[in-house]
Amino acid sequence: MSDSRWEAVDRYFIDALVGTDAALDEALKESDAAGLPSVSVTAPQGKFLHLLVRIHGARKILEIGTLGGYSSIWMARALPPGGKLISLEAEPKHAEVARANIQRAGLANVIEVRVGKALDTLPLLEGPFDLVFIDADKSNNPAYFQWALKLSRPGTVIVVDNVVRDGAVVDPTSTNESVLGVRRMVELMNSEPRVSATAIQTVGGKGYDGFVLAVVNGS
Ligand code: SAM
């Protein structure tokens, strides 16, 4: 099946079930206009994250990798009153665009964007978080997973995006840093008794990829 078919199916479900709104559409438009790469989650994936926040009853969310704030807005909209989302972003320009998008979405009091390399800003955070969404430089996924665990409690949900990479994840000879980052993280998860995890392959407007879904086990 072709990418254009995947896009058409995404469009069908966006129109039929997912919906979007002015603030989310504007966030994508402004991110494009500012020259940010078009690597945010798709609308169906954004809605999936939104529903996950609701299903889990999350009140405190950590996101690693803000870009223009598109996934942050989807998730923050599912938070109850008093909920909080902290999003870590290395690029000051991305953070600036994200803050403007977040402001327009009326979520400036809910989402805090912290600028800096995540490995520098993670140690300054206070957990536990109810849900962690990892979506930054994939080579650091093993370290981000370890930080997510450190900042977790039993029941914390961890989602890691872009783990399939057009199928490249199954190539044990790959020297691609992103693929290696995903594979090392998966090995860590596999040997970590504190988490239970799965991975789901996805196709859609952004091609063939997938995500890891993990939960921190009870003590
Ligand atoms: N989660 C966003 C969404 O779906 O709307 C997309 C995030 S994009 C895939 C990855 C982001 O991670 C980029 O904005 C990039 O600048 C940021 N990033 C890359 N390396 C980083 C690092 N070391 N620390 C924090 N952010 C980083």
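Start by selecting helix α7 (residues 141-150) together with helix α8 (residues 177-190), whose axes come within 7 Å and cross at roughly 35 degrees; helices here are DSSP runs of H or I with at least four residues, strands are runs of E with at least two, and both are numbered from the N terminus. The axes are lines fitted to C-alpha atoms, for helices over the stretch in contact, and the angles run from 0 to 180 degrees between N-to-C directions. Show side chains, and N141, P142, F145 and Q146 in α7 will be seen to meet G181, V182, R184, M185, L188 and M189 in α8, where contact means heavy atoms within 4.5 Å. By class, this contact has 6 nonpolar, 3 polar and 1 charged residues, with Ala, Val, Leu, Ile, Met, Phe, Trp, Tyr, Cys and Pro counted as nonpolar, Asp, Glu, Lys and Arg as charged, and the others, Gly among them, as polar.

This is a predicted model, in which local features need pLDDT of at least 70 and side-chain atom pairs count only at pLDDT 80 or more, whereas totals for chains, interfaces and linings use all residues. Residues are numbered from 1 along each chain as its sequence is written, and side-chain values use heavy atoms, with hydrogens and water left out.

Next, select α2 (residues 22-33) and α5 (residues 92-104), whose axes come within 9 Å and cross at roughly 160 degrees. That angle makes α2 roughly antiparallel to α5, since angles under 35 degrees count as roughly parallel, over 145 as roughly antiparallel, 65 to 115 as roughly perpendicular and the rest as oblique. On the α2 side the contact is made by A23, E26, A27, E30 and S31, and on the α5 side by V97, N101 and R104; by class it has 3 nonpolar, 2 polar and 3 charged residues.

Then move to α1 (residues 3-18) and α3 (residues 43-56), with axes that come within 9 Å and cross at roughly 40 degrees, which makes α1 oblique to α3. Here D10, I14, L17 and V18 of α1 touch A43, P44 and K47 of α3, a contact with 5 nonpolar, no polar and 2 charged residues.

Now select the ligand: of the 22 residues around it, V41, S71, E89, H94 and D135 come nearest, a residue being near if one of its heavy atoms lies within 4 Å. A polar side-chain atom of H94 lies 2.8 Å from an oxygen atom of the ligand, while a ligand nitrogen atom is 2.8 Å from an N or O atom in the side chain of D135.

Finish with two backbone details. Select P128, in the loop between α6 (118-121) and β4 (131-134), where a cis peptide bond joins G127 and P128 with omega about -5 degrees. L67, in the loop between β1 (60-64) and α4 (70-76), has a positive phi of about 50 degrees although it is not a glycine.

Definitions and conventions. A polar contact is a pair of N or O atoms within 3.5 Å; within protein, one must be able to donate a hydrogen and the other to accept it, and residues adjacent in sequence count only if both atoms are side-chain atoms.
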